[in-house]
Amino acid sequence: MFLSVEEIVKHYDGVMALNRISLQVRKGTVKGLMGPNGAGKSTLFHLISGMERPDSGKIFFKKRDITGLQTYEISRLGVGRTFQTLQIFGNMTVVENVLTGMHSRIRGGFLSSGLYLPQIKKSEEIAIKEAKEILELLGLFGRWKWFASQLSYGEQRRLEIARGLAAKPDLLLLDEPAAGLTYPEAKQLAQTLSRLKEAGLTLFLIEHHMGMVMEIADEVAVLNNGELLAEGPPDMVKKDPGVIEAYAPRR
Amino acid sequence: MVDQVHKEFRRRDLLYSGALWLLSLIIPDPQLHYRREYRFRKRDLFYLLTILLLPLIWSDPHFHHIMVLGGIHGILALGLTLFLGYAGQISLGQAAFFGIGAYTTAVLTTRYGLPSFLAFWASALTAFLFAYLIGRPILKLKGYFLALATLGFGEIFLVMVRESPRLTGGVIGIFDIPFFSFAGFIFDTYLKQYYLIWGVLMGLVLFSKNLIRSKMGRAFLAVAASEDGASAVGIDVSRIKLGVFVIGAAFAGLAGSLFASVMSTANPETFSLNLSVLIVMMVILGGMGNLYGPIAGAIFLTYLIDELSRYQEYSLPIYGVILILLLIFFPDGIGTRLRIRLIYLISYWGRKRRREKVEL
């Protein structure tokens, strides 16, 4: 198993956010995570990316136990992520945001950077070239000199994905990538994501856009009140009575 | 007639754009605010030449002395701007590292007769080590709590200096610290000290500049913008914070060493909270997220304090009023705002002239 979450429990002062959740993501697939607000989706992402610790249970990535690791260590192992509330670096230009995403791949420490040794110069140049390619992929190339804070909301969302891709992750966690996007923007995003999938990237995404999930996801899991309601191919999950009840409760 | 007006416009435009060009040479670019700074531009050459030639043109020993102090403050401000302006953390304990540097040099040169050149490096190393030990626990704090913790460290340092007279000379301090000397050359006049200090400052500016335009600089800005975002892309936030803190402290240690060998004395009054606040003030007034701004702020405040000391008991209120006015009208640094305002003014004049001509 590529990513495997086993019996995860997390609660905040008596609120059960996640109750013994187990799920897997297979390599090279796209998995969707759905559920009403407050279902515990983002909490699960926080636990996987190491921003919070689970109360019990384990998380394995590439057969390695990543449960108590720091966020940056997990990121360096190949788990990239984006955020529901944007966390772009508004004090930098667009291309610098992407370059920051490459942080652990560019060489150099404090001293060698301060002296600007030849090897640093070289790896910077390579990195800038690569960053521009990534920006091209996400359609932000025309904006590369802009400050990230000057971009529109949709562009900022795409920039965050670009920054996540810059680290060359094996698994990318996308927390509501289409939230707040217009319909054409969301459509374009879905196209980009399926292109990434073709390139062999594993995606795990939280999404409310039913259509988008159905279009690109190979498998869908549905959470409600910290419980796993259903898991399986999108068509099956769509017909699951429990899911219908959670999304459209009968009065 | 149309042709005539056209010609007139061209000459005027040339004048205005000439003025703008001159301005771009001198005053920091607001667009460069927070942007990576590249190795050498025309502006850097201009600054370099100014610094090299200024004391020769204006050969007043008092001015040299002020510039020596300003340079020392500039080193302090430069160290802090990496921490405050780029990494977005606050430190009110910078004076303590300055003091550690000064006392290291003082003790090593007067008690152990070490050459001041070696003491210079030892000071940076001591400040570095202290910052490392203190930074590890302290830097977990954020915002006001970090400010208070660093402030507390500054006070503890002062108390320790006062209460260990055997090592530091207590409240009286240490006198007769030898002048900085290297390979038999003694920096004993203000002019020589000027070149010593500004030489060191230039080296440090170059170091900081390289740091800022490399991946480390981006990591600083990332930590300032969003710690979650930074750690999600593989930046070890606590290491970056510790690194900047330690570099800033090492800069302060170097400044302290230079201060001790220039002033020949070290006593605890110099390294009080006042100085720490002054350094923060320099960074804020000069403009954050810019390497030259804080140095300009340092020169400006040093000069201001010196000028105001003439007015004796009125000096502090006047100083306070000036600071408040500056913070109201130039909230993001004199350099950044000044340029925006001047550009606006010049283009306004240009437009006004043009309008008048067309109406005629």
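Guide: Contact here means heavy atoms within 4.5 Å, and the model under discussion is a predicted one.

Visitor: Are helix 3 of chain B and helix 11 of chain B roughly parallel or roughly antiparallel to each other?

Guide: Helix 3 (residues 61-86) and helix 11 of chain B pack with their axes 7 Å apart, at an angle of about 170 degrees. Since the cut-off for the antiparallel class is over 145 degrees, the two helices of chain B, helix 3 and helix 11, are roughly antiparallel.

Visitor: By class, how many nonpolar residues has the contact of helix 3 of chain B with helix 11 of chain B?

Guide: The residues that meet include Ile72(B), Leu76(B) and Phe83(B) in helix 3 of chain B, and Val244(B), Phe251(B) and Phe259(B) in helix 11 of chain B. Alongside three polar residues and one charged residue, the contact of helix 3 with helix 11 of chain B has a nonpolar count of 18.

Visitor: How many residues apart in sequence are the parts that the pair of Tyr103(B) and Phe271(B) ties together?

Guide: The two rings, Tyr103(B) and Phe271(B), form an edge-to-face aromatic pair, 5.8 Å centre to centre with 65 degrees between the planes. Tyr103(B) counts as buried at 6% relative accessibility, and Phe271(B) is buried too, with a relative accessible area of 2%. Because Tyr103(B) lies in helix 4 (residues 94-110) of chain B and Phe271(B) in the loop between helix 11 (237-263) and helix 12 (273-286) of chain B, the sequence separation of the parts tied together is 168 residues.

Visitor: What is the centre to centre value for the aromatic pair of Phe259(B) and Phe271(B)?

Guide: Both Phe259(B) and Phe271(B) are buried. Phe259(B) lies in helix 11 of chain B and Phe271(B) in the loop between helix 11 and helix 12 of chain B, so this pair ties together parts 12 residues apart in sequence. The pair of Phe259(B) and Phe271(B) is edge-to-face with 75 degrees between the planes, and the centre to centre value is 6.4 Å.

Methods. Residues numbered from 1 in each chain as written. Chains lettered and ligands numbered in written order. Predicted model: local features only at pLDDT ≥ 70, side-chain atom pairs only at ≥ 80, totals over all residues. Heavy atoms only, no water. Phe/Tyr/Trp six-rings, centres within 6.5 Å; stacked < 30°, edge-to-face > 60°. Helix = DSSP H or I, 4+ residues; strand = E, 2+ residues; numbered from the N terminus. Buried < 20%, exposed > 50% of the residue type's maximum accessible area, 1.4 Å probe, protein only. Axes fitted to C-alpha atoms, helices over the stretch in contact; angles between N-to-C directions. Parallel < 35°, antiparallel > 145°, perpendicular 65-115°, else oblique. Nonpolar A, V, L, I, M, F, W, Y, C, P; charged D, E, K, R; others polar.
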